[in-house]
Amino acid sequence: MAENLDPGARAAAEQKARKAARDAARQDESSEINKITAGKSDIIPPWEMDATGIALVDTHAHIDGEDFDGDREEMLARAKQAGVVAVITFGDTMESSARVVKLAASHENVFGGVGVHPENAFPLTQAEEDNFSVWAKEKNIVAIGEIGLDYYWEKDEDKRKLQRKMFVRQLALARGLDLPVCIHDREAHGDLMSILKTEGRKNRGVIHCFSGSWEMAKELLKLGWYLGVDGPLTYKNAAKLPEIVQKMPADRLLVETDCPYLSPLPYRGKRNEPAYVRITAECAAKIRGESLAELSEQTTENACAVYGLNF
Ligand SMILES: [Zn+2]
């Protein structure tokens with residue numbers, strides 16, 4: 001990478017490189033899945049299924065980005081047809097948080113979280129931090145997120161330190177604004193738990209796309225956190241996740257897409273969208289021995305409780 005870039009430009013270039021790596025991985029997955037599903041035309045998309053009695057909330061999406069620039073309104077209409085009554089979309093940079101504020105203001109059923117994702121951590125100035133207080137008062141803004149720690153993509157110790165600093169700062173910001181947080185944790189379980197038990201002990205919110213053990217889940221549940229599950233629940237290599245979904249108390253479970261990433265089967269590797277939360281919800285319902293209607297009612301109640309939604 002060019003040495004003469006200023007920190008902002010360097011961060012943007014690094015972010016672009018990581019997105020390219022993720023897109024390439026998605027492309028690889030997509031061609032694998034296409035091989036598996038080739039010739040199978042019996043897949044019914046969620047928006048063509050009966051949505052009577054289904055009222056789901058996709059509690060974690062990223063619909064502000066260019067992936068949806070071509071069909072954002074159609075995508076939201078498909079979600080509605082699939083029984084998804086609300087979507088919570090999260091910013092991951094200052095720019096995307098500003099776009100989230102606009103989206104939430106212009107759509108009744110779109111709620112938003114504003115925050116800086118650990119992959120994009122940077123030394124936040126006071127003036128930048130002040131933006132959050134302004135955004136927090138905007139229509140349908142319900143959380144600070146997506147914030148957290150990502151040691152999978154970040155191997156550099158100094159940058160991990162910066163992630164922790166920014167995470168702690170955004171936790172404080174959320175407490176000051178009396179908002180829940182939405183937390184990303186990838187391969188940073190130890191540091192995450194120690195921060196949540198110290199600086200974050202008075203925060204509330206969600207550990208999204210939970211990827212820890214049942215032991216860790218129990219600890220988080222005891223501390224009052226909600227856990228979000230995404231498309232990987234439907235994968236054959238879902239590992240410990242199904243067991244956690246089965247054992248955890250119903251009143252702390254949330255279903256999410258994290259779209260455009262993490263599509264559930266049979267769409268793995270393709271662009272994800274809020275309608276597909278229904279597939280993850282159906283999978284969770286099956287694991288828990290509940291009907292989709294029951295699970296949807298409970299998880300939507302949970303979404304309303306933790307994010308203070310009213311619709
Ligand atoms: Zn996310």
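A: What follows is a walk through the fold, the sheet, a few residues and a pair of helices.

Q: Is this model predicted or what else is its origin?
A: This is a predicted model.

Q: What does the secondary structure come to?
A: The protein chain has 10 helices and eight strands.

Q: And what share of the residues counts as buried?
A: Of the 311 residues in the protein chain, 46% count as buried.

Q: What about contacts between residues at least 6 apart in sequence: what share join residues at least 24 apart?
A: In the protein chain, 73% of those contacts join residues at least 24 apart.

Q: On to the sheet. What is the order of its strands?
A: The order is S1-S2-S3-S4-S5-S6-S7-S8, in an open sheet of eight strands with parallel pairing. S1 and strand S8 (253-255) are the edge strands, and each of them pairs on one side only. From one strand to the next, the twist averages 25°.

Q: What holds paired strands together in general?
A: Strands of a sheet pair through backbone hydrogen bonds, either parallel or antiparallel.

Q: Back to this one. How many bridges are there between S4 and S5?
A: Strand S4 (residues 141-150) and strand S5 (residues 181-186) pair over five bridges, in the parallel sense. Ile144 stands opposite Val181 in S5. Helix H3 (residues 94-106) packs on the sheet, where it touches strand S2 (84-90), strand S3 (110-114) and S4. The direction of H3 makes about 155° with that of S3.

Q: Why is S5 described as largely enclosed by the rest of the structure?
A: Five of the six residues of S5 are buried, so S5 is largely enclosed by the rest of the structure. To get from S4 to S5, the chain crosses through helix H5 (residues 157-177), and this β-α-β crossover is right-handed.

Q: What joins S5 to S6?
A: Three bridges join S5 to strand S6 (residues 205-207), and the two strands run parallel. Cys182 has Val206 in S6 as its bridge partner. S5 and S6 also make a right-handed β-α-β unit with helix H6 (residues 189-197).

Q: Which way do the residues of S7 point?
A: In strand S7 (residues 226-229), Tyr226 and Gly228 point one way, and Leu227 and Val229 point the other way. All four are buried.

Q: How does S7 pair with S6?
A: S6 and S7 pair in the parallel sense over two bridges. Val206 stands opposite Tyr226 in S7. The chain crosses from S6 to S7 through helix H7 (residues 214-222), in a right-handed β-α-β crossover.

Q: And how many bridges link S7 and S8?
A: S7 and S8 pair over three bridges, in the parallel sense. The bridge partner of Val229 in S8 is Val255. Here the chain crosses from S7 through helix H8 (residues 241-247) to S8, and this β-α-β crossover is right-handed.

Q: Change of topic. Which residues touch the most other members of the largest nonpolar core?
A: They are Ile144, Leu227 and Ala284, out of the 82 residues in that core.

Q: What does Leu227 contact, leaving aside neighbours within four places in sequence?
A: Leu227 is in contact with Ile207, Phe210, Ala217, Leu220, Met248, Arg252, Leu253 and Leu254.

Q: Next, Pro46. Where does it lie?
A: Pro46 lies in the loop between helix H1 (7-37) and strand S1 (56-61).

Q: Is Pro46 buried or exposed?
A: Pro46 counts as buried because it has 25 C-beta neighbours inside 10 Å, and the cut-off for buried is 20 or more.

Q: What does Pro46 touch, not counting residues up to four places away in sequence?
A: Pro46 touches Ala82, Ala275, Tyr276, Arg278 and Ile279. Pro46 and Ala275 are 229 residues apart in sequence, but 6.3 Å apart in space, C-alpha to C-alpha.

Q: Last one: at what angle do H9 and H10 pack?
A: Helix H9 (residues 277-288) and helix H10 (residues 292-307) pack at an angle of about 110°, and their axes are 9 Å apart. That angle makes H9 roughly perpendicular to H10. On the H9 side, the contact is made by Ala281, Glu282, Ala284, Ala285 and Arg288. On the H10 side, Leu292, Glu294, Leu295, Ser296 and Thr299 take part.

Methods: Residues are numbered from 1 along each chain as its sequence is written. This is a predicted model: local features need pLDDT of at least 70, side-chain atom pairs count only at pLDDT 80 or more; totals for chains, interfaces and linings use all residues. A residue is buried if 20 or more other C-beta atoms lie within 10 Å of its own, exposed if 12 or fewer, and partly exposed in between; C-beta atoms are placed from the backbone. Two residues are in contact if their C-beta atoms, placed from the backbone, lie within 7 Å. Two strands pair if DSSP finds at least two bridges between them. Axes are lines fitted to C-alpha atoms, for helices over the stretch in contact, and angles run from 0 to 180 degrees between N-to-C directions. A nonpolar core is a set of buried Ala, Val, Leu, Ile, Met, Phe, Trp, Tyr and Cys residues joined through C-beta atoms within 7 Å. A crossover is right-handed if, with the strands pointing away from the viewer, the path from the first strand over the helix to the second runs clockwise. Angles under 35 degrees count as roughly parallel, over 145 as roughly antiparallel, 65 to 115 as roughly perpendicular and the rest as oblique.
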